Amino acid sequence: DINTGTLSWFQNLQTVKPFLGDPPLSRPGCWAYPDMLEVGRVQGSVQWNRAHFGAWCIVSAPLVLGLDLTQTEDVAAIVPFVTNAEAIAVNQKWAGHPGRFVEERPEKLQVWAKPQPGGAVAVLVINAGSAPAKVSLDLKKLGLSADEASVRSIWMRQDLNNVSGHLDTEMIPGMDSVFYILRPIASSSSYVV
């Protein structure tokens with residue numbers, strides 16, 4: 001059962017992995033459910049609570065808030081990300097898969113990805129460690145069919161530089177995350193006959 005402990009939600013997230021295979025057991029009408037969101041109640045920073053929300057979004061889990069709405073300070077702290085339309089859209093859109101675990105790095109970094117319509121891919125990198133870290137990710141391994149992609153930061157709500165071949169994340173503070181949408185860029189190669 002999920003609780004407000006610092007790593008409780010992160011441990012619960014691991015329970016959905018068996019349901020995200022190929023073909024996935026988690027799908028419209030039968031979602032993997034790592035438990036209700038404890039956003040706003042989890043011990044740790046606002047950023048760690050935001051990572052929790054992003055994790056539920058990336059695996060298509062039901063977004064059921066489990067906090068006391070009369071605690072106005074707690075609610076005010078989470079409103080910027082639980083009302084983030086781009087994060088919610090990742091959760092709600094279906095493009096054939098509910099989201100998947102990609103890999104774990106020794107620095108306590110976990111990479112998750114979810115296909116989006118139009119060949120786009122949502123990517124969430126969670127830093128469950130205490131030290132800042134960054135990661136370089138191969139676009140193909142993330143499920144992108146193109147060699148180049150535009151990048152949008154969901155948390156910052158802004159476009160970033162395009163990438164080619166791989167995505168280098170920004171520095172991710174400990175107990176935080178980055179959340180991106182990668183959109184394929186069609187090759188501009190022209191053929192001369």
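Here are some questions and answers about this predicted model.

Reader: Which element gives the most residues to the largest nonpolar core?

Author: Let's start with the core itself, which has 36 residues, and Trp9, Leu13, Phe53, Trp112, Ile126 and Phe179 are those with the most contacts inside it. Several elements give two or more residues to this core, including helix H1 (8-14), helix H3 (72-82) and strand E8 (176-184). The element that gives the most, with 7 residues, is H2.

Reader: How many residues does the second, separate core have?

Author: Val102, Ala113, Val135 and Val151 are included in this second core. In soluble globular proteins, nonpolar side chains tend to be buried together. The number of residues in the second core is 21.

Reader: Is serine 60 buried or exposed?

Author: First find serine 60 in the loop between H2 and H3. Its phi is positive, near 60°, in a residue other than glycine. Buried means under 20% relative accessible area. Serine 60 has a relative accessible area of 4%, so serine 60 is buried.

Reader: What is the phi of methionine 175 near?

Author: You can find methionine 175 in the loop between strand E7 (166-168) and E8. Methionine 175 is a residue other than glycine with a positive phi, and the value is near 55°.

Technical notes:
Residues numbered from 1 in each chain as written. Predicted model: local features only at pLDDT ≥ 70, side-chain atom pairs only at ≥ 80, totals over all residues. Heavy atoms only, no water. Core = buried A, V, L, I, M, F, W, Y, C linked by side-chain atoms within 4.5 Å. Buried < 20%, exposed > 50% of the residue type's maximum accessible area, 1.4 Å probe, protein only. Helix = DSSP H or I, 4+ residues; strand = E, 2+ residues; numbered from the N terminus.
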